[in-house]
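Open the model in your viewer and keep the sequence panel beside it. This tour tells you what to select at each stop.

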Amino acid sequence: STITEQAHPWLENLVSYDPGKPIEETARELWLEPEEIIKVASNENPLGPSPKAVEAMKEAAEGVHIYPDGGGYKLRTAIAEKFGLSREQIILGNGSNEIIELIGHGFLNPGDNVIAAEHAFVVYKLMATLFGAETIEVPDPNYTHDLTAMAAAITPRTRKVFIANPNNPTGTMVGQDEIDRFMDQVPEHVMVIFDEAYYEFLHEPPDTLKYVKEGRNVVIMRTFSKIQGLAGLRIGYGITTP
């Protein structure tokens, strides 16, 4: 048999994630100079990283011949202390995408389903497809998550519900009252993933950490790619139960 015939059948429908194109590639395609291009396709921080972060990266580069701490002890400890949690409640990923994939590895089987808003981050659906799971895409009026409809869409085969808040790419958000009502309706067998990549841009962000502290089946995903301007380092992290 061919290698294609040996592959999982659900991979036939899997398309690769197409991130925002690098400036250099666009310049090459359109015969432009890179400095003529202003890129707004990937929500990158135009101010760049902190000078302190740049200095730390320069120092780290001198030790690049040594394998790093695979457990991310210092960073996980710092994140945990910031949120009043234990280090065992923090997981690091190659961007938030790897956290999404790790959850799939741990909890998704063929025939399961996940729930996401129709206009939410496309990677949720791609990752579900990778594990043979179906994605139930719930309509989002005015491009805003309809948490009442998402709760109603949960079935016995539902394993995960993704809530991007604020949502990428629409920029809309749901508030504390809506989230609390939703969480009151979520059955025990369902994991709720709050994707909060843009959390730091909010003046009064909803409190989802309380659900982690209550021991609920919740994962909060955040990242250093956006507000800290470190997209090239690919550092996302998950906050959850030990």
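The stops below go from a strand to its neighbours, then to salt bridges, a helix and the cores.

**Before you start.** This is a predicted model, in which local features need pLDDT of at least 70 and side-chain atom pairs count only at pLDDT 80 or more, while totals for chains, interfaces and linings use all residues. Residues are numbered from 1 along each chain as its sequence is written, and side-chain values use heavy atoms, with hydrogens and water left out.

**Stop 1: strand β6.** Select residues 218-223. Helices (H or I, at least four residues) and strands (E, at least two) are DSSP runs, numbered from the N terminus. Buried means under 20% relative accessible area, exposed over 50%, and partly exposed in between (1.4 Å probe, protein chains only). Six of the six residues of β6 are buried, so the strand is largely enclosed by the rest of the structure. In a regular strand the side chains alternate between the two faces of the sheet. Here, Val218, Ile220 and Arg222 are buried on one side of β6, and Val219, Met221 and Thr223 on the other.

**Stop 2: the partners of β6.** Two strands pair if DSSP finds at least two bridges between them. β5 runs parallel to β6, with four bridges. Find Asp195; its bridge partner in β6 is Met221. β7 is antiparallel to β6, again over four bridges. Here Thr223 stands opposite Gly236.

**Stop 3: salt bridges.** A salt bridge is a side-chain nitrogen of Lys or Arg within 4 Å of a carboxyl oxygen of Asp or Glu. The structure has nine of them.

Stay on β6 and select Arg222 with Glu196. Their closest N and O atoms are 2.7 Å apart. Glu196 sits in the loop between β5 and α9 (209-213) and Arg222 in β6, so the pair ties together parts that are 26 residues apart in sequence. Both Glu196 and Arg222 are buried.

Next, select Arg157 and Asp112, whose closest N and O atoms are 3.2 Å apart. Arg157 is in the loop between α7 (147-152) and β4 (158-164), and Asp112 in the loop between α5 (95-107) and β2 (113-117), so this pair links parts that are 45 residues apart in sequence. Is Asp112 buried or exposed? Asp112 is buried, at 3% relative accessible area. Arg157 is partly exposed, at 40%.

**Stop 4: helix α8.** Select residues 176-185. Which residues of α8 are buried? They are Ile179, Asp180, Phe182 and Met183. Turn to the face away from the buried side to see the exposed residues Asp177, Arg181 and Asp184. Contact means heavy atoms within 4.5 Å. The cover over the buried residues of α8 includes α7, β4, β5, α9 and β6.

**Stop 5: the cores.** A nonpolar core is a set of buried Ala, Val, Leu, Ile, Met, Phe, Trp, Tyr and Cys residues joined through side-chain atoms within 4.5 Å. The largest one has 31 residues, and Ile163, Phe182, Met183 and Ile239 have the most contacts inside it. Elements that each supply at least two residues of this core include α4 (73-83), α8, β6 and β7. Center on Met183: among the residues it touches are Val192, Phe194, Tyr211 and Val218. Finish at a second, separate core of 21 residues, which includes Ile99, Ile100, Val123 and Met191.

Conventions
Lists of a residue's contacts leave out its neighbours within four places in sequence.
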